[in-house]
Structure formats: C-alpha cells, structure tokens
Amino acid sequence: MSTFAKRERLLLADLLETAGPEAPTLCEGWRTRDLAAHVVVRERRPDAAGGTLIKQLASRLDRVMEEYGAKPYEELLQLIRTGPPRFSPFQLKQVDEAANTVEFYVHTEDVRRAQPDWAPRELDPVFQDALWSRLERTARLVGRGIPTGLVLRRPNGQTTVAHRGTPVVTATGEPSELLLFAYGRQGAAKVELEGEPDAIAKLHETKQLGL
C-alpha cells in the first residue's frame, strides 16, 4: 500500500525533474540541484546530515553537500526515487511516514511555489488530517524562538499553540498551509492572520519559524 511519504517522494522527484537543476526554490540560496542534494544527503549520509542541527557538524555537512551537488542531476533524482539504503531506518514504513511525510510535502511545495504560475494543490481530507497530526506534535518546536505568541487554527476550529506569549497572532488555514507557515514559508502560505498589526509584521519577517 502506498504511503503519504512515498507519494510525496515521487511527486517531489517528478517536480525536480520537470523544473531542471537550476530552477528557484523557496529555500533561501538554494536552486533545485541544492534541494535535491539535501534530500539525498539527509537519507544517505547521517554522518553529515546532523549538521543542520548540530553546529559542530555544519562544516562537514557543507563539504558533503558540495560533493553530492556536483553529481549528475539525473543521478540525484534517481537516488531520491529509489529511497534510502537497504539498512537505513528510513526503510521502515513507520519511520518513513513519521520522518518524511512533512519533509517531502514541504520540499515539494518549495519547488512548486517558487514558480510564477503555481496554484494550491487539492489535498484529500485524510492527508490534511495527517499533516495536522504532525503539526500538533511539532508546533512548539518550530515556534520556540519567534517574537510573538502564535496560535494555529484549522477552519473546523481545532487549534494548537506554537508559542505562548503576547501579543498573540492567530493563523487560520488548512493544515497544509499552516504547516508551511510554521516551517518558515510565511510568504507562500495561504493563511489568514489575526492580531495586532505590529505583531503580524514581526511574524512575517522573523527567520525563527521552522527547524
């Protein structure tokens, strides 16, 4: 049975192929080649991938990213499609779903929404619920450093708190859009913001949202 992570993986690979290696993305400073290299390194080089969170490994990550970024683009896309190595924990369906559903959804939108003619995808309710469940678990982590309070609210009224503080801004939207907003894609996410104008402006400008 297909999983959300597997579906988003293949969609991401197809979008990267269509866009080509030098297309823009929503990841600051990254073209599509850089994004493809990041996805491959994250799954295949755990010795370096920790550099995204561990400062002491950052220089190693930079070297490995440069190494993979120099590979033929088609090779990177094939590595994304075929997935992690045989003995990687990502091979386990539960781990793949937990670790990669959001990762691949966000990066798929990083490619789609950097194009001038993009339009929101129609996502089924089951996938929206899955994204909401993951957002509930990570909201306080991704919002820990922001300068305002932040409440995330679905159209059905469900809410989760990303950051306690004042003044409070409430972001309302579908889980897929709230997730993009909470992961630092404020300018591309389709959400409605309620709160003091200064607080909303600070939230739009902050670089502290996301991992």
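Q: Starting with Phe 127: buried or exposed?
A: Buried. This is a predicted model, and in it Phe 127 has a relative accessible area of 0%.

Q: Okay, which ring makes an edge-to-face pair with Phe 127?
A: That's Tyr 105. The centres of the two rings are 6.0 Å apart, and the planes make an angle of 80 degrees, which means edge-to-face, since anything over 60 gets that label.

Q: And where do Tyr 105 and Phe 127 sit in the chain?
A: Tyr 105 is in helix H6 (residues 93-112) and Phe 127 is in helix H7. They're 22 residues apart, and the pair links distant parts of the chain.

Q: What about Tyr 105 itself, buried or exposed?
A: Buried, at 1% relative accessibility.

Q: How many aromatic pairs does the structure hold?
A: Two. In one of them, Phe 4 and Phe 127 have ring centres 4.8 Å apart with planes at 35 degrees, so that pair is tilted.

Q: Which parts does the Phe 4 and Phe 127 pair tie together?
A: Helix H1 (residues 4-19), which holds Phe 4, and helix H7 (residues 125-142), which holds Phe 127. Those parts are 123 residues apart in sequence.

Q: Which residues end up in the cluster?
A: Phe 4, Tyr 105 and Phe 127, linked by ring pairs.

Q: Switching to charges: what sits over the ring of Phe 127?
A: The charged end of Arg 7, 4.5 Å from the ring centre.

Q: And which residue lies over the face of Tyr 68?
A: Lys 71, at 5.1 Å from the centre of the Tyr 68 ring.

Methods: Residues numbered from 1 in each chain as written. Predicted model: local features only at pLDDT ≥ 70, side-chain atom pairs only at ≥ 80, totals over all residues. Heavy atoms only, no water. Phe/Tyr/Trp six-rings, centres within 6.5 Å; stacked < 30°, edge-to-face > 60°. Helix = DSSP H or I, 4+ residues; strand = E, 2+ residues; numbered from the N terminus. Buried < 20%, exposed > 50% of the residue type's maximum accessible area, 1.4 Å probe, protein only. Lys NZ or Arg CZ within 6 Å of the ring centre and 35° of its normal.
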